[in-house]
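Me: I have a structure open and would like to talk it through. Could you help me read it?

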Amino acid sequence: MTAAGVPDRNGKAAEYLQLLRLLAGEMERAMRAIAHNALPDLEESVESQQRMSARLVALAGELSAPLESGPIAASPAASPNKIDDDMMQQVRVAGDALQALNRRYAALLEHSSRSVALMTSLFNSFQGKFKEASGPRLKHQTWSCQM
Amino acid sequence: MGGLNAALLIGVSGLGAAQGALDATSNNIANVNTPGYTREEAQLAENGQSESGGQITGGGVMLEGLKSIRDELLNMQIQRQTSMQSAADTESASLQQAQSYFTLTGTDIGSALSSLSSSLAELSGNSTSSSAQQGVLAAGQNLATAFNTTASGLTSVQTAANQQIPNTVSQINALSAQIAQLNGQLAQMPAGQDGGTVQDQLDQAVQKLAGLTNISVTQTNNGETITTGSGTPLVEGDQSYNLQTSTGTGGQLEVLDSNGNNVTASITGGTLGGALNIANTVIPGLMTQLNTLASQFATAFNAAQAGGTDSNGNAGAAFFTGTANLSTAAADMSAGLTSASQIAISSSGASGGNGNVANLSAALTTALPSGASAAGGYASIVFNVGTAASNASTQSTAIGDNLTQLTTQQGAVSAVNIDEETANLMRYQTAYEAASRIVSTVQVLNNATLNMGSGSSF
């Protein structure tokens with residue numbers, strides 16, 4: 001913390017790291033909700049994800065802002081404007097993990113939402129018997145290829 | 001990354017489950033206007049938990065199969081009510097036809113009795129008038145004809161019901177065979193496979209069967225076991241048992257089970273129950289009343305005629321004949337006199353007087369052995385027919401209202417609710433769109449995270 005009580009860059013990075021991990025947890029929760037067709041859980045998880053994402057975007061903006069000019073610290077490593085290497089490494093690892101999970105989440109959403117969109121259009125324009133061309137096996141294969 | 005792999009596997013199982021739900025939903029929509037269709041739901045079950053590195057994770061979800069949403073108790077009530085309504089409808093239609101022979105048409109028995117009374121009154125005032133004498137003879141002939149017509153009408157109603165009985169038994173046998181076949185199809189289906197369509201066909205066939213006769217349906221491991229009211233099996237698993245008809249010792253039609261046992265008494269519902277009731281109970285009952293009236297009136301009138309002397313000086317011959325056999329009195333009744341001069345007008349033992357006309361008239365108004373006068377006895381028959389027809393019609397209407405209510409309840413349970421399904425789909429769509437925005441945001445965040453490590457601003 002700075003003297004004025006404003007979180008330093010390390011503190012913000014720590015919050016950023018924690019949010020990355022929480023968001024990963026929420027994505028896993030959302031995927032489980034999709035697997036169980038638990039719509040209320042999915043809706044709740046997406047709300048949490050939205051809040052976390054908004055905060056993460058704000059923090060990323062703050063952390064990417066130019067350094068303020070001020071007294072030079074005795075030790076550059078201990079400067080409140082400098083993110084620790086170890087912290088930076090953890091942020092990168094968490095970011096990569098989140099990104100890997102995001103690809104899976106994206107693929108699951110894409111194929112699940114495609115099913116939902118199909119059903120929705122079915123309701124909107126239904127005039128006769130409908131049979132979906134691609135079965136679960138084909139959909140599974142498509143999804144696996146994308147992975 | 002164990003958590004991520006677990007999520008991946010969960011996601012895969014979720015896709016299969018979602019596909020099952022999609023199949024069920026699309027099938028529901030496709031059949032939204034199909035009569036008798038029962039909506040289906042995907043039956044999902046949780047996969048077993050797995051342990052990895054001491055951490056227990058869920059195994060996702062699996063699709064067990066599709067299940068038709070039915071309320072068996074409701075179906076049973078509908079079957080019973082359908083059976084009762086069919087019986088009431090059959091009886092109502094027959095009784096309305098029978099009732100037409102008892103309405104005031106001018107040629108009915110009531111009108112003929114009234115005409116005979118009027119003609120006797122005219123003869124009493126002018127006993128030598130040949131036209132008055134002719135009037136009495138004609139009125140008597142008309143009365144006999146009216147009895148003949150009414151008896152013939154009731155017989156035709158009974159004949160129609162008798163023709164309906166073997167036809168209905170044939171339909172019952174055909175439906176039983178169809179149900180047995182569907183039972184067999186259901187039994188051969190692998191566990192988890194959707195039997196909804198076959199089950200719907202089965203339900204519809206059972207519903208039709210309930211309209212033909214009263215049945216009892218029991219669910220067994222081999223499918224549905226269907227019996228008649230007495231417990232005689234019609235269907236057991238994939239085996240059906242035929243009913244048959246035969247003529248009983250009294251000439252009435254009987255229904256026999258596949259072993260030749262008479263099960264007529266236990267068949268009280270459906271078209272068959274209604275037709276049996278009309279043919280074997282209602283019409284014979286009315287016919288007995290009609291025959292009794294014809295016989296007793298003819299006997300009383302003939303007795304009055306016998307007590308007088310006709311215009312030729314002879315003792316009065318029987319005015320009405322053909323009523324000796326009580327079981328065919330109304331049908332066989334005829335005027336025995338061939339000439340108006342044979343009417344026994346005089347009571348003095350010689351022609352010329354009119355003293356016996358009063359006795360003839362009294363035969364119309366005096367109580368017969370049944371306890372009522374001829375007109376009173378006839379009114380009683382009319383009342384019985386009218387009441388029976390009205391009761392059958394009222395019962396049919398009441399059961400119809402009840403059936404409508406039950407069918408509405410069944411619809412709430414089994415029918416596809418497009419609005420509900422649409423609302424859920426819209427929610428799903430919105431949720432997926434919102435989730436997709438998170439995916440885009442995380443993609444941007446990843447770039448920001450990379451910049452954190454390489455940017456000079458850090």
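Me: Which residues does B:Ile179 touch, not counting residues up to four places away in sequence?
Reply: This is a predicted model, in which local features need pLDDT of at least 70 and side-chain atom pairs count only at pLDDT 80 or more, while totals for chains, interfaces and linings use all residues. Residues are numbered from 1 along each chain as its sequence is written, with chains lettered from A and ligands numbered from 1 in the order in which they are written. B:Ile179 touches B:Leu202, B:Ala205, B:Val206, B:Leu209, B:Glu224, B:Ile226, B:Val235 and B:Ser240, where contact means C-beta atoms, placed from the backbone, within 7 Å.

Me: And which residues touch the most other members of the largest nonpolar core?
Reply: Among the 87 residues of that core, they are B:Phe147, B:Leu154, B:Ile179, B:Leu209, B:Ala294 and B:Phe301. A nonpolar core is a set of buried Ala, Val, Leu, Ile, Met, Phe, Trp, Tyr and Cys residues joined through C-beta atoms within 7 Å, and buried means that 20 or more other C-beta atoms lie within 10 Å of the residue's own.

Me: Which helix gives the most to this core?
Reply: Helix H4 (residues 130-188) of chain B does, with 19 residues; helices here are DSSP runs (H or I, at least four residues), numbered from the N terminus.

Me: Switching to chain A, how many helices and strands does it have?
Reply: Chain A has four helices and zero strands, a strand being a DSSP run of E, at least two residues, and 29% of its 147 residues count as buried.

Terms used. A residue is buried if 20 or more other C-beta atoms lie within 10 Å of its own, exposed if 12 or fewer, and partly exposed in between; C-beta atoms are placed from the backbone. Two residues are in contact if their C-beta atoms, placed from the backbone, lie within 7 Å.
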